[in-house]
Amino acid sequence: MNQQQNKTNNGDKKGVKKPNKFGLLNSITIGLLILFMISGLYSMIVDKKTSTVKITLSELVKDIGAGNVTSVTVKGDSLLAEYNDEKKTIKETNKETDSSVTETFARYGLTPEKLNAVKINVEGPSGFMYWFVQIAPFLAPLLFLGLIIWFLTRQVKGAGMQAFTFGQSKARITMPDDQKQKVTFKDVAGAKEAKQELAEIVDFLKNPKKFLEIGAVIPKGILLMGAPGTGKTLLARAVAGEAGVAFFAISGSEFVEMFVGVGASRVRDLFKMAKQNAPAIIFVDEIDAVGRVRGTGVGGGNDEREQTLNQILVEMDGFEPNEKVIVMAATNRPDVLDPALLRPGRFDRRVTIDLPDRNDREEILKIHSTKKPFAEDVVLRVIAERTPGFSGADLYSLMNEGAILAARENRTKISQYDLIRAIEKVMLGPERKSHLLSKKEKEITAYHEAGHALVSSVLPYADPVHKISIISRGRAAGYTLHLPLEDRKLQSKKEFLDDIAVSLGGYVVEKMMFNDVTTGPSNDLQVSTALARDMVTKYGMSEKIGVLALESSGGRALFGKGVEDKDYSEKVSADIDSEVARIMQESYKKAEDAVIKYKPALDAVAKRLIEIENLERDEYESIIVAHGIQPKKKEEIV
Ligand code: ADP
Ligand code: ZN
Ligand code: MG
């Protein structure tokens, strides 16, 4: 494997939804419990009444005739008779419903004299208990149903469907007085140009009058462009923090969800909220999720996306100049954005954030080293040196990995060695010590990596070797780390050609030493062939094809893959193939010449690798110097 600059990027951490603890079963159980309680109460009340002795009407008439009863109380449909015995027993009987008590008693043959001796009270059907007893049987099922419905709706909401609130924006709001979440320019290292550009925006948000009085039109939209992890989100927060205004952050993908029409209504809601809190910043992260070129008809859910995008444009056009709301957006794919987003009056300010250079990397490392105890041997400059191509997010995770390594080994301070191991971990994934190579595999891997390293050291335009390892990491069996002397923006044809030869170094050696090829170099071949093709079709580095950029970078997106539009004939296509093949063959020859010429050095490096598995730069160079290879100039480390 020939690894140059692999990057991991850790995306933004999204708010985590808590799982709902109330299952459907639970709500039904609760409903049932309540039902039981109601019916229990009901029967208690009813039972109290029936606890009196029940007698028939004729028995009561007989008792009244015998003069044993002092009073009769009419209560609804029942009669309660009080007896004149010691205990004042109360007996109950049912009254005839269609006639009055006196009539009933008269019909049963009681004489008026006997009746007069008895006090008759009529108690109206009133009181809570009476009504409760009457209504409860009907009420209970209704109540039960109501409860179930209530629990079900809670379920639906909890399950993340937000059935009742789906039109509201889900923006995360940071208010200016929130000190804990406050980010300022001090927290962002490097990115000087971007900060300068954004300082103007901060100035406007702080005192808009100055600008408005002189008739200046304030930019409405600012687009932050840069590779993942370069600090776009961080910078947007810093602008809000510096200006002391409210910050509404939402991710492009959050506009588009299951329900059609949600996106547009979320946009409306978001802008309304921001205007109410003006001055404010609206930050749309990953705007390419909604802002792709419209009308390509590629991918599903297009209409929904277009409506959302239209709504954003409408809202931005609807701003009054003094609205004091600024829209910031971030993307790492500016090439796929709809041109309508970029025209004047919308996202016409564009701020590019580059990957940090050596000095910036050191600054970023410093920012993330606060509160981390370092041993004396730590030199952040060396770490910055060794991490070209790392983004701010990579450096952040490097620092963290370093701390984890130290803690795992029960040390209280982070040493330089921890940080160096962390670089490799971030770049290539964790070591897989458990993945043991057989003796044969180890030999093949050692020769393979030694091949990369040697070709790299012999060819004049290749990068110097920093480390060789045959401990497998991630998917690679081993790797050779060679880093450029300086961060470079431009690469020359000679450098490309040497890079391809270095990539082929492993393959060449395997073939030469073992007269066989393993699956090991397949990635090397892919990378180098792709590079050769790019040289021919993109960079105009082939004499035969000439100065033609046949393929633009990017291309349309189809199911996450780029489909390139071919704008050239079959003949040119065949020419390209033959040019790519020629470049590959020449590079192969170059690599082969190098390893044949320095075969003893190759053997020595491979042998040492099998012994110790990791070869650092100094030891590696002492081996090749002993075999007559001049090592590459070392960069100055101060
Ligand atoms: P982006 O939005 O460009 O993908 P982020 O702003 O989310 O990147 O950056 C991720 C993390 O990386 C930040 O939280 C911060 O810790 C770190 N980081 C990135 N760039 C810088 C920088 N210039 N200075 C300090 N930290 C940075
Ligand atoms: Zn390789
Ligand atoms: Mg981001």
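Buried means under 20% relative accessible area, exposed over 50%, and partly exposed in between, with a 1.4 Å probe and protein chains only. This is a predicted model: local features need pLDDT of at least 70, side-chain atom pairs count only at pLDDT 80 or more, and totals for chains, interfaces and linings use all residues. Residues are numbered from 1 along each chain as its sequence is written, and side-chain values use heavy atoms, with hydrogens and water left out.

**Exercise 1. The whole chain**

Task: State how many helices and strands the protein chain has, and what share of its residues is buried.

Solution. 
- Helices (H or I, at least four residues) and strands (E, at least two) are DSSP runs, numbered from the N terminus. The protein chain has 23 helices and 17 strands.
- Of its 638 residues, 42% are buried.
- Contact means heavy atoms within 4.5 Å. Take contacts between residues at least 6 apart in sequence: 73% of them join residues at least 24 apart.
- Accessible areas come from the Shrake-Rupley method with a 1.4 Å probe; for residues, only the protein chains shown count as cover. The protein chain exposes about 34,100 Å², and carbon and sulfur atoms supply 56% of that.

**Exercise 2. The salt bridge of Arg 346**

Task: Find the salt-bridge partner of Arg 346 and classify the accessibility of both residues.

Solution. 
- A salt bridge is a side-chain nitrogen of Lys or Arg within 4 Å of a carboxyl oxygen of Asp or Glu. Side chains of opposite charge can pair when their charged atoms come close. By the salt-bridge rule the count comes to 30.
- The partner of Arg 346 is Asp 317, at 2.7 Å from N to O.
- Arg 346 lies in the loop between helix H13 (339–342) and S12, and Asp 317 in helix H12 (residues 302–317), so the pair ties together parts that are 29 residues apart in sequence.
- Arg 346 has a relative accessible area of 9%, so it is buried. Asp 317 has 37%, so it is partly exposed.

**Exercise 3. A bridge between two loops**

Task: Locate Glu 376 and Lys 413 and describe their pairing.

Solution. 
- Their closest N and O atoms are 3.9 Å apart, and the two residues form a salt bridge.
- Glu 376 sits in the loop between H14 and H15, and Lys 413 in the loop between H16 and H17; the pair therefore ties together parts 37 residues apart in sequence.
- Glu 376 is exposed at 73% relative accessible area. Lys 413 is partly exposed at 40%.

**Exercise 4. Helix H16**

Task: Check the span of helix H16 and find what covers its buried residues.

Solution. 
- The expected span of a helix is 1.5 Å times one less than its number of residues. H16 (residues 392–408) has 17 residues, so it should span 24 Å; its end C-alpha atoms are 24 Å apart, which agrees.
- Its buried residues include Leu 395, Leu 398, Met 399 and Leu 405.
- Helix H14 (358–367), helix H15 (380–385) and helix H17 (416–428) are among the elements that cover the buried residues.
- Asn 410 follows H16, and its phi is positive, near 60 degrees.

**Exercise 5. Helix H19 and its end**

Task: Compare the span of H19 with the expected value, then look for a kink and a positive phi.

Solution. 
- H19 (residues 493–514) has 22 residues and reaches 32 Å from its first C-alpha to its last, close to the 32 Å expected.
- The bend at a residue is the angle between axes fitted to the seven residues ending there and the seven starting there. H19 has a kink of about 40 degrees, centred on Leu 504.
- Asn 515 follows H19, with a positive phi near 50 degrees. Asn 515 is in the loop between H19 and helix H20 (522–537). It is exposed, at 69% relative accessibility.

**Exercise 6. Around Ile 353**

Solution. 
- At 4% relative accessibility, it counts as buried.
- Ile 353 and Ala 227 are 126 residues apart in sequence, yet 7.7 Å apart in space, C-alpha to C-alpha.
- Ala 191 is in the loop between strand S7 (172–174) and helix H6 (192–206). Its phi is positive, near 45 degrees. Ala 191 is buried, at 18% relative accessible area.

How values were computed: Chains lettered and ligands numbered in written order.
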